[in-house]
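Try each task before peeking at the solution.

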Amino acid sequence: MTFLKRLLMMGGRAPLIGMTVLAVLVLVVAVLGFGFSPAPGNTLTIAAGPEGSNFARTAARYQKILEKQGVQLNILTTGGSRDNLRRLMDATQNVDVAFVLGGQAGEAEVEKLVSLGSVSYQPLMVFYRGSPKKLLSEFKGLRLDIGEEGSGTRTLALALLAANGIKPGSEGDKTVLVDTPDQDIAKALESGKVDAFFAMNESTPSALIRNLLRGGKAHLFDFAQSEAYSRRFSYLNKLTLPRGAINLGEDIPAADVRLIGPTVQLVAREGLHPAISDLLLETARAVHARPGLYARPGEFPSPLEREFRISEDAQRYYSSGRNFLYRTFPFWVASLIARVAAILVPVLIVLIPGMRVLPALYRWSMTRRIYRYYGELQKLEKEWPDADAARRVELLQRLDRIDASVFNTRVPSAFGDLFYDLRGHITDVRRQLRQAPTA
């Protein structure tokens with residue numbers, strides 16, 4: 001007899017117990033199948049930006065922190081925010097997370113990716129030559145460098161220029177877009193080869209921006225309409241570069257400069273392991289929580305929802321903090337404990353009630369098996385008084401069959417009292433029937 005048949009016939013002629021045990025086993029297997037959590041892995045790839053950019057330097061800081069937790073972060077050099085987003089969307093690219101500027105995504109991209117939150121502000125700085133300018137519309141017809149293809153700077157600059165009626169390449173618009181190597185930008189501005197340079201740290205080397213701010217030969221554009229820009233473009237924020245922020249002794253800049261800029265979002269593909277999500281956010285907090293030129297202490301990371309929805313794991317992190325296990329144990333130990341708990345807890349939830357029910361169910365099955373004979377004895381006693389001699393012989397034979405059936409019934413010793421009580425009652429009924437007068 002197979003194991004399944006033995007299991008189903010557990011308890012003799014009452015297969016209910018065997019079926020119950022089988023159901024519990026099926027539930028346990030189901031819990032193991034669906035509740036099993038894969039290992040989080042110890043290798044990640046982040047799409048950062050060009051070498052020397054703020055994105056690249058930030059990714060390097062992430063790398064050092066994650067390395068201490070036993071996680072290797074591979075940094076992918078890219079053209080900037082838009083290129084990062086493209087690589088995240090491409091299933092053939094081995095990219096897990098990326099820095100993405102607000103305002104970069106289309107509807108299709110929004111549906112397939114999730115955000116772990118915003119980690120910093122990214123101001124747009126426009127350096128220009130010539131007389132002071134108050135409006136972006138004054139750059140119409142000039143030679144503009146708005147960043148490389150694939151950069152978030154270029155995408156934002158085109159949107160802002162279009163809002164000011166500047167559409168390079170269109171009929172009647174003499175504005176020219178030029179591409180200048182980073183190392184030549186300062187000279188190009190000084191010589192007139194470039195009239196204005198749009199820069200953001202996501203794709204422009206930080207050293208170049210600092211040099212332009214300190215050089216004094218190029219003006220930094222003051223966005224006097226920053227309030228209007230932030231209302232028209234929901235992903236933009238009003239920012240201020242304080243007077244003397246670059247150099248207090250030399251008073252650079254000599255006055256507060258109004259800027260605009262989106263936030264930088266940490267964007268991931270759906271399915272990022274919860275433990276990795278927590279670890280990334282903990283790393284982001286260590287890197288970005290300090291105050292800066294534009295951010296207040298503890299302002300980042302923040303669950304600011306822009307184009308991308310905040311992932312469920314990130315929402316949990318922001319509401320209740322890092323998982324207790326990952327706060328208490330090293331990453332790989334906490335991961336192992338979490339996976340074991342994900343299996344054992346559901347199994348115990350299923351097994352404990354099942355183990356309480358089975359003994360009661362088994363006792364009910366055994367007592368039912370014995371008590372059903374009492375019904376037959378009662379029926380036999382009721383028929384005896386009206387039976388003739390031949391009928392009484394048949395009834396006695398029936399009683400003998402009941403006795404034989406009871407005798408062959410397998411009953412555990414724990415139910416011996418019920419078994420022998422029944423046999424004693426059968427003997428009493430036989431004696432009473434034989435002594436009763438014939439009708």
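**Exercise 1.** Work out how helix α3 and helix α10 are arranged relative to each other, and which residues bring them into contact.

*Solution.* Keep in mind that this is a predicted model.

Step 1: start with the axes. Those of α3 (residues 54–68) and α10 (residues 274–288) come within 10 Å, and they cross at roughly 120°.

Step 2: name the arrangement. Angles of 65 to 115 degrees count as roughly perpendicular and those over 145 as roughly antiparallel, so α3 ends up oblique to α10.

Step 3: α3 and α10 cross in a right-handed way.

Step 4: list who touches whom. On the α3 side you'll find Thr58, Arg61, Tyr62, Ile65 and Leu66; their partners in α10 are Leu279, Leu280, Thr283, Ala284, Ala286, Val287 and His288.

Step 5: sort them by class. The α3–α10 contact has 8 nonpolar, 3 polar and 1 charged residues.

**Exercise 2.** Describe the largest pocket: how much space lies in it, and what lines it?

*Solution.* 

Step 1: get the volume. The largest pocket holds about 790 Å³ of space.

Step 2: look at the lining. It takes 27 residues, and those nearest the pocket's centre are Asn54, Asn201, Gly292, Leu293 and Tyr294.

Step 3: trace the lining back to secondary structure. At least two residues each come from α3, β4 (113–121), α8 (206–215) and α10. The top contributor is α8, with 5 residues.

Step 4: The pocket lining splits into 14 nonpolar, 8 polar and 5 charged residues.

Methods: Residues are numbered from 1 along each chain as its sequence is written. This is a predicted model: local features need pLDDT of at least 70, side-chain atom pairs count only at pLDDT 80 or more; totals for chains, interfaces and linings use all residues. Side-chain values use heavy atoms; hydrogens and water are left out. Axes are lines fitted to C-alpha atoms, for helices over the stretch in contact, and angles run from 0 to 180 degrees between N-to-C directions. Helices (H or I, at least four residues) and strands (E, at least two) are DSSP runs, numbered from the N terminus. Angles under 35 degrees count as roughly parallel, over 145 as roughly antiparallel, 65 to 115 as roughly perpendicular and the rest as oblique. A crossing is left-handed if the near helix is turned anticlockwise from the far one by less than a right angle, and right-handed if clockwise. Contact means heavy atoms within 4.5 Å. Ala, Val, Leu, Ile, Met, Phe, Trp, Tyr, Cys and Pro count as nonpolar, Asp, Glu, Lys and Arg as charged, and the others, Gly among them, as polar. On a 1 Å grid over the protein atoms alone, a cavity is a set of points where a 1.4 Å probe fits but cannot get out, and a pocket is an open set with protein on both sides within 12 Å along at least five of seven lines; lining residues have an atom within 4 Å of a point. Grid points are joined across faces, edges and corners, and a volume is the space filled by probe spheres set on the points.
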